[in-house]
Amino acid sequence: MPKTSLPSAARDDALSAYFREANKHPLLSAEEEYMLAKRWQVHGDSESARRLVTSHLRLVAKIALGYRGYGLPMDDVVSEGNVGLMQAVRRFDPERGFRLSTYAMWWIRAAIQEYILRSWSLVKLGTTAAQKKLFFNLRKLKNQIRVLDEGELSPDAVKKIAGELGVSEDEVITMNRRMGGPDQSLNAPVQQGAESEWIDRLVDNESDQEMKVAEKEETEKRRELLEEAMNRLNDRERHIFAERCLKEEPSTLEELSKVYGVSRERVRQIELRAFEKIQNRVLTSAITAGILDREKLISAQKQPRR
């Protein structure tokens with residue numbers, strides 16, 4: 001997609017200017033949006049792509065405002081949202097019958113959340129789906145139960161939040177403390193005037209170098225096989241497979257049915273078909289590359305299932 005000139009969102013004053021500029025671009029009717037999307041899709045018309053992007057800048061602004069509480073510069077949050085919007089425009093297919101805004105909001109949110117997770121060193125210690133959900137919902141739930149201070153949570157509040165998000169009470173307490181305290185440098189002295197630093201006390205639990213190289217090579221080979229197989233899917237199959245099978249917190253059938261304007265059962269069928277295509281292709285490629293033995297694979301498939 002060609003570079004699109006977007007209003008700059010520098011700091012607070014410039015951020016307000018960004019929102020004002022975004023509101024200057026008129027919303028598109030369904031017919032206008034369809035024609036512009038077709039011109040971009042068929043002819044690569046950069047002006048049509050630019051209009052699709054600029055007409056949805058207010059959507060980026062609206063979504064970005066929902067992430068104000070993470071202590072990150074809002075200009076960066078908005079910029080990441082703009083990247084997600086441009087990705088959505090590049091992949092948008094008007095023939096599928098839904099509006100760009102419905103499709104784009106998923107890309108915008110995903111881009112912003114990825115940026116937040118990359119930026120918060122706190123989250124690097126917790127990257128499971130449940131911990132990400134806790135991270136992005138803790139403040140909202142604290143507001144709902146009227147916990148206004150940033151100190152320790154009461155036992156009742158901890159229990160309620162843990163139950164709402166499906167995590168342990170210890171995880172709620174730990175995440176609340178992480179989000180309430182500043183990051184500390186590992187190069188800071190353990191005590192005032194001491195020569196040793198906190199980094200000196202960290203335990204190295206990493207595997208030896210040979211093991212790391214072997215694991216990296218195996219991971220890269222698996223990724224190559226998966227990517228090669230996914231390239232044989234069409235855009236819809238690839239997107240649904242990625243949303244349902246590759247994300248730590250998969251999109252629901254209901255969410256994807258709204259994106260594509262089809263029933264949940266149809267989404268499930270597409271997911272199953274995509275999975276079977278990828279499975280067959282990966283197995284074929286693995287046998288060709290000598291990673292799997294054809295005879296052993298056939299023998300294993302003939303074994304009765306328990």
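Among contacts between residues at least 6 apart in sequence, what percentage join residues at least 24 apart? A few friendly notes follow.

1. The answer is 60% in the protein chain, with contact meaning heavy atoms within 4.5 Å. This is a predicted model, where local features need pLDDT of at least 70 and side-chain atom pairs pLDDT 80 or more, while totals for chains, interfaces and linings use all residues. Residues are numbered from 1 along each chain as its sequence is written, and side-chain values use heavy atoms, without hydrogens and water.

2. The chain has 14 helices and 0 strands (DSSP runs numbered from the N terminus: H or I of at least four residues for helices, E of at least two for strands). Of its 306 residues, 33% are buried, that is, under 20% relative accessible area with a 1.4 Å probe, protein chains only.

3. The largest pocket has a volume of about 1600 Å³. A pocket here is an open set of points on a 1 Å grid over the protein atoms alone, where a 1.4 Å probe fits, with protein on both sides within 12 Å along at least five of seven lines; lining residues have an atom within 4 Å of a point. Of the 46 lining residues, Trp106, Arg109, Ala110, Gln113 and Lys247 are closest to its centre. Helix 6 gives the most to this lining, with 10 residues.

4. Helix 11 also contributes two or more residues to that lining. Glu237, His239, Ile240, Phe241 and Glu243 are its buried residues. At the start of helix 11, a side-chain oxygen of Asn234 comes within 3.1 Å of the backbone nitrogen of Arg236.

Key
Points joined across faces, edges and corners; volume = space filled by probe spheres on them. Buried < 20%, exposed > 50% of the residue type's maximum accessible area, 1.4 Å probe, protein only. Polar contact = N/O pair within 3.5 Å; in protein donor to acceptor, adjacent residues only side chain to side chain.
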